[in-house]
Amino acid sequence: MRKEDCIFCKIAAGEIPSTKVYEDDKILAFKDIAPQAPVHIVFIPKDHILSCADDITEENSAIIADIFVAIAKTAKQLGLDNGYRIINNCGEDGAQSVKHIHFHLLGGEKLSERIV
Ligand code: 5GP
Ligand code: ZN
């Protein structure tokens, strides 16, 4: 499933170019266009099945586990042996700008004690 005018659906479809870091049949990870750390990668399900974390249910949560497996694999591949941060912005108060669920992987330096 895809949504018209969704930037991440267009990236998943190859209509907007991205620097891919990880890909399998269900998941894509690419470098964030405005990195906030030396390593800043966005992980998405290729299908626009969830808008944000608030949509996660028992029925659709398997893809979330798959994304976290992909993150762990990618972090090892990139040598983030000293740690990293995973962030999901959800909704207005979460300052989510793209309404296609995604997880930020940030690392490559000691991150700020805030947020979080
Ligand atoms: P959010 O604020 O919704 O959690 O994160 C959306 C992220 O997508 C932002 O960090 C933003 O820099 C990134 N982003 C927005 N448009 C594009 C794009 O066209 N290409 C890439 N690679 N990243 C994008
Ligand atoms: Zn989408």
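The following legends describe close-up views of one predicted model.

The model is predicted, so local features are reported at pLDDT of at least 70 and side-chain atom pairs only at pLDDT 80 or more, while totals for chains, interfaces and linings use all residues. Residues are numbered from 1 along each chain as its sequence is written, chains are lettered from A and ligands numbered from 1 in the order in which they are written, and side-chain values use heavy atoms, with hydrogens and water left out.

Figure 1. The ideal angle for four tetrahedral donors is 109.5 degrees. Cys 6 and Cys 9 are both buried, where buried means under 20% relative accessible area, exposed over 50%, and partly exposed in between (1.4 Å probe, protein chains only).

**Figure 2. The largest nonpolar core.** A nonpolar core is a set of buried Ala, Val, Leu, Ile, Met, Phe, Trp, Tyr and Cys residues joined through side-chain atoms within 4.5 Å. This core has 17 residues, of which Ile 27, Phe 43 and Ile 67 touch the most other members. Two or more residues come from each of strand E2 (27–31), strand E3 (39–45), helix H2 (62–77) and strand E5 (103–107). Helix H2 gives the most, with six residues. Helices (H or I, at least four residues) and strands (E, at least two) are DSSP runs, numbered from the N terminus. Ile 67 is placed in helix H2 and counts as buried because its relative accessibility is 0%. The C-alpha atoms of Ile 67 and Tyr 22 are separated by 10 Å, although these residues are 45 apart along the chain. In soluble globular proteins, nonpolar side chains tend to be buried together.

**Figure 3. A nonpolar patch on the surface.** Phe 68, Tyr 84 and Ile 86 form the patch, with about 240 Å² of accessible area together. Patches are made of residues with over 30% relative accessible area and no salt bridge; like charges are joined within 9 Å, and nonpolar side chains (Val, Leu, Ile, Met, Phe, Trp, Tyr) within 5 Å. Accessible areas come from the Shrake-Rupley method with a 1.4 Å probe, and for residues only the protein chains shown count as cover. Ile 86 belongs to strand E4 (residues 84–87) and counts as partly exposed because its relative accessibility is 31%.

**Figure 4. Salt bridges, including a network of Lys 20, Glu 23 and Lys 46.** The structure holds six salt bridges, each a side-chain nitrogen of Lys or Arg within 4 Å of a carboxyl oxygen of Asp or Glu. Glu 23 pairs with Lys 46 at 2.8 Å, N to O. This pair links distant parts of the chain, 23 residues apart: Glu 23 lies in strand E1 (residues 20–23) and Lys 46 in the loop between E3 and H2. Glu 23 also meets Lys 20 in a salt bridge of 3.5 Å, N to O. Lys 20 is partly exposed, with a relative accessible area of 48%, and Glu 23 is partly exposed at 41%. A further salt bridge joins Lys 99 and Glu 92, with the closest N and O atoms 3.7 Å apart. Lys 99 is partly exposed at 37% relative accessible area, whereas Glu 92 counts as exposed at 67%. Through shared partners, salt bridges join Lys 20, Glu 23 and Lys 46 into one network.

**Figure 5. Positive phi at Asp 5 and Ala 95.** Most residues other than glycine have a negative phi. Asp 5, which is not a glycine, has a positive phi of about 70°. Asp 5 is found in the segment before helix H1 (7–12) and is exposed, with a relative accessible area of 68%. Ala 95, also not a glycine, has a positive phi of about 60°. Ala 95 is placed in the loop between E4 and E5 and counts as exposed at 57% relative accessibility.
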